[in-house]
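I opened this model to look up its sheet, its core and its charged pairs. My notes follow in the order I took them.

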Amino acid sequence: MNHRGIEFTVAKTAIPGIWQWQFRIGEQIKTGRTETKIDLLAIRRVQLRIHRELKAIGRDTA
């Protein structure tokens, strides 16, 4: 998937309701997990995280 020019992945884990995500900005790779039963909410949470990271480094391209 792509958000603001950043490729990211969101995948189910073996544990129900836990999603693992990953994205890369430049040379930095960010990974983590989020807990929700709704796949679209997991995706939205990663998009918000990407937005925060871009804003923090001053690359917000909105």
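Predicted model: local features only at pLDDT ≥ 70, side-chain atom pairs only at ≥ 80, totals over all residues.

I looked up the largest nonpolar core and found twelve residues in it: Ile6, Phe8, Val10, Trp19, Trp21, Phe23, Ile25, Ala42, Ile43, Val46, Ile50 and Leu54. H1 contributes the most, with five residues.

I kept Lys30, Arg49 and Glu53 in mind for the salt bridges, where they join into one network.

I traced four strands in an open sheet, ordered S1-S2-S3-S4, with antiparallel pairing. S1 and S4 are the edge strands, each pairing on one side only. For S2 and S3 I found antiparallel pairing over five bridges. Which residue in S3 is the bridge partner of Lys12? I found Trp19 there. I next checked where H1 sits: H1 packs on the sheet and touches S1, S2, S3 and S4. The direction of H1 makes about 30 degrees with that of S3.

How many salt bridges does the structure hold? I found three.

I took Arg24 and Glu27 to begin with; their closest N and O atoms are 3.6 Å apart. Arg24 is partly exposed, with a relative accessible area of 43%. Glu27 is exposed, at 72% relative accessibility.

I turned to Lys30 and Glu53, which form a salt bridge with the closest N and O atoms 3.5 Å apart. Lys30 lies in strand S4 (residues 28–35) and Glu53 in helix H1, so this pair ties together parts that are 23 residues apart in sequence. Is Glu53 buried or exposed? At 16% relative accessibility, Glu53 counts as buried, because the cut-off for buried is under 20%.

Glu53 also forms a salt bridge with Arg49, at 3.2 Å between the closest N and O atoms. Arg49 and Glu53 are four residues apart in H1, so about one helical turn separates them. Arg49 has a relative accessible area of 26% and is partly exposed. I noted that shared partners join Lys30, Arg49 and Glu53 into one network of salt bridges.

Most residues other than glycine have a negative phi. I located Arg4 in the loop between strand S1 (2–3) and S2. Arg4 is partly exposed, at 31% relative accessibility.

I then checked what lies across from Arg4. The C-alpha atoms of Arg4 and Ile50 are separated by 8.2 Å, while the two residues are 46 apart along the chain. I also found a polar contact between the side chains of Arg4 and His51, at 3.3 Å.

Definitions and conventions:
Residues numbered from 1 in each chain as written. Heavy atoms only, no water. Core = buried A, V, L, I, M, F, W, Y, C linked by side-chain atoms within 4.5 Å. Buried < 20%, exposed > 50% of the residue type's maximum accessible area, 1.4 Å probe, protein only. Helix = DSSP H or I, 4+ residues; strand = E, 2+ residues; numbered from the N terminus. Salt bridge = Lys/Arg side-chain N within 4 Å of Asp/Glu carboxyl O. Polar contact = N/O pair within 3.5 Å; in protein donor to acceptor, adjacent residues only side chain to side chain. Pairing = 2+ DSSP bridges. Contact = heavy atoms within 4.5 Å. Axes fitted to C-alpha atoms, helices over the stretch in contact; angles between N-to-C directions.
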